[in-house]
Amino acid sequence: MPEPKRGNPLSHRCLPVGSPPLIEELVAVEPVTSLSGRMPDQSPESPGSAAKPRSAVSAVQLDAVRKVFGETEAVAGVDLDIADGEFFSMLGPSGSGKTTTLRMIAGFEQPTSGRILLHGHDVTGVPPFDRDVNTVFQDYALFPHMNVADNVGYGLMVRRVDRSERDRRVTDALRMVRLTGFGGRKPSQLSGGQRQRVALARALVNRPRVLLLDEPLGALDLKLREEMQIELKAIQQQVGITFIYVTHDQEEALTMSDRLAVFNEGRVEQVGTPADVYERPTTPFVAGFVGTSNLLRGEAARAVIGSEGTFTVRPEKIRIATPDAPVAEDELSAMGEIRDVIYLGSDTRYIVALEAGGELVVTQQNLDTSSMEVLEARGRTVRLVWKRRHVLALAGGPSAGEEEARRNP
Ligand code: ATP
């Protein structure tokens with residue numbers, strides 16, 4: 001087994017009594033690149049291949065990793081291969097094992113079985129402070145009595161990095177997260193988004209090769225979240241550090257990731273680029289969790305598609321036509337009744353009960369229809385039409401909604 005890369009020998013045990021929790025994130029990483037530089041062995045091509053990471057040695061590799069807590073199998077055998085410089089998300093519902101997987105990569109939890117490799121070194125059993133990773137948590141955990149600059153530089157001070165080097169790196173990190181000039185403020189004098197950026201700067205200042213982020217935007221309001229998603233992605237591209245991002249928010253994962261893994265009940269159901277996972281989901285669970293379920297199976301599949309099996313068609317691919325509308329050679333159609341209409345401002349979502357059984361959701365942009373007009377559609381008999389090529393065949397198994405109902409009857 002290769003010798004794991006050794007980090008700084010200081011551990012969280014050296015830190016002052018009364019420190020905020022999760023102090024492990026502050027300590028012990030080896031500098032490998034300047035904040036503005038890219039990793040030495042990183043290939044210039046853009047990440048995102050669904051099949052395989054780009055560099056010969058993965059930044060993070062999980063081999064058959066399991067974690068059991070008493071009766072609960074939190075992680076049930078996960079294999080992942082995350083490339084250097086990749087923005088990789090772990091997406092899934094609550095309790096699907098994302099955080100436990102992240103904590104095992106960080107070293108806060110040990111796998112029950114399986115191996116974890118960081119840049120080719122087996123780190124299974126290596127403590128957090130000896131791993132070349134940092135973690136950013138949802139609850140920031142800033143020191144309230146310290147100003148922003150001291151919060152960001154705290155890990156460097158613990159590691160006895162000299163004052164001038166520390167100041168330089170803190171200034172650099174604050175610039176990176178667009179907080180130049182905020183160094184003298186206390187955390188209480190910042191907004192939620194600014195506090196989250198301080199937490200990010202505090203992790204970046206250590207120059208880890210891998211940054212782990214556990215729902216870091218979870219406490220922010222929607223508008224700020226959306227702004228921070230774009231900023232986080234820009235920062236990641238600028239620093240070239242591998243980001244592993246845990247979220248249960250599908251839009252967040254689709255917006256930011258080069259690739260993502262969809263978790264369900266401790267297993268990975270699918271790994272791919274956002275487009276792969278959204279446009280070519282391989283299971284009913286993924287089709288329903290990343291987007292709207294829209295499944296056709298059983299009698300409905302036989303009647304509408306003309307085949308046995310489970311199929312999905314995305315809501316934005318379907319158009320609503322009058323019952324007598326013509327259907328082209330390359331199209332499929334189904335008759336139904338609009339059961340419900342949900343007006344969303346820019347779009348409207350129609351829930352259509354099919355004559356053949358089951359339901360399909362259709363979304364349409366409100367190009368020239370008013371809210372009154374769309375709401376009047378309720379109860380109308382319609383023909384739904386879509387291109388044959390937009391029908392995807394899925395492997396069997398329950399959808400995300402059915403799984404949720406099973407868990408919370
Ligand atoms: P969330 O989005 O809600 O954080 P998650 O996908 O991150 O969920 P985990 O936190 O990894 O899920 O939890 C997976 C399962 O393991 C859950 O059933 C959880 O209750 C259980 N679990 C996690 N940590 C522990 C622990 N320390 N002891 C016992 N069970 C645990």
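Two strands are said to pair if DSSP finds at least two bridges between them. Strands (E, at least two residues) and helices (H or I, at least four) are DSSP runs, numbered from the N terminus. The structure is a predicted model, in which local features need pLDDT of at least 70 and side-chain atom pairs count only at pLDDT 80 or more, while totals for chains, interfaces and linings use all residues. Residues are numbered from 1 along each chain as its sequence is written.

By the pairing criterion, strand 9 and strand 10 (residues 267–272) are antiparallel partners over 5 bridges. Within this pair, Ala261 stands opposite Val271 of strand 10. The hairpin that the two strands form has 2 residues between them, and Glu265 takes a positive phi near 50 degrees there. Strand 9 also joins strand 3 (residues 87–91), to which it runs parallel, through 4 bridges. Here Leu91 has Val262 of strand 9 as its bridge partner.

Strand 9 (residues 259–264) is mostly covered, with 6 of its 6 residues buried. A residue counts as buried if 20 or more other C-beta atoms lie within 10 Å of its own, as exposed if 12 or fewer do, and as partly exposed in between, the C-beta atoms being placed from the backbone. Arg259, Ala261 and Phe263 point one way from the strand, Leu260, Val262 and Asn264 point the other way, and all are buried.

The largest one has 87 residues, of which Ala201, Ile244 and Val262 touch the most other members. Helix 4 supplies the largest share of this core, 6 residues. The core lies between domain 1 (12–280) and domain 2 (285–407), because both give residues to it; these bounds come from an automatic or database domain assignment. In soluble globular proteins, nonpolar side chains tend to be buried together. Beyond its neighbours within four places in sequence, Val262 has contacts that include Leu91, Val268, Val277, Val286 and Phe289, a contact being a pair of C-beta atoms, placed from the backbone, within 7 Å.

Just after helix 3, Arg178 takes a positive phi of about 55 degrees.

Helix 1 (residues 98–106) is mostly covered, as 9 of its 9 residues are buried. Just after helix 1, Gly107 has a positive phi of about 100 degrees.

Strand 17 (residues 381–387) has Val382, Leu384 and Trp386 on its covered face, and Thr381, Arg383, Val385 and Lys387 on its uncovered one. Strand 14 (residues 331–343) pairs with strand 17 in the antiparallel sense over 7 bridges, and Met335 has Arg383 as its bridge partner there. Strand 13 (residues 319–321) is also antiparallel to strand 17, joined to it by 3 bridges, with Ile320 opposite Leu384.

Note on methods:
Core = buried A, V, L, I, M, F, W, Y, C linked by C-beta atoms within 7 Å. Contact = placed C-beta atoms within 7 Å.
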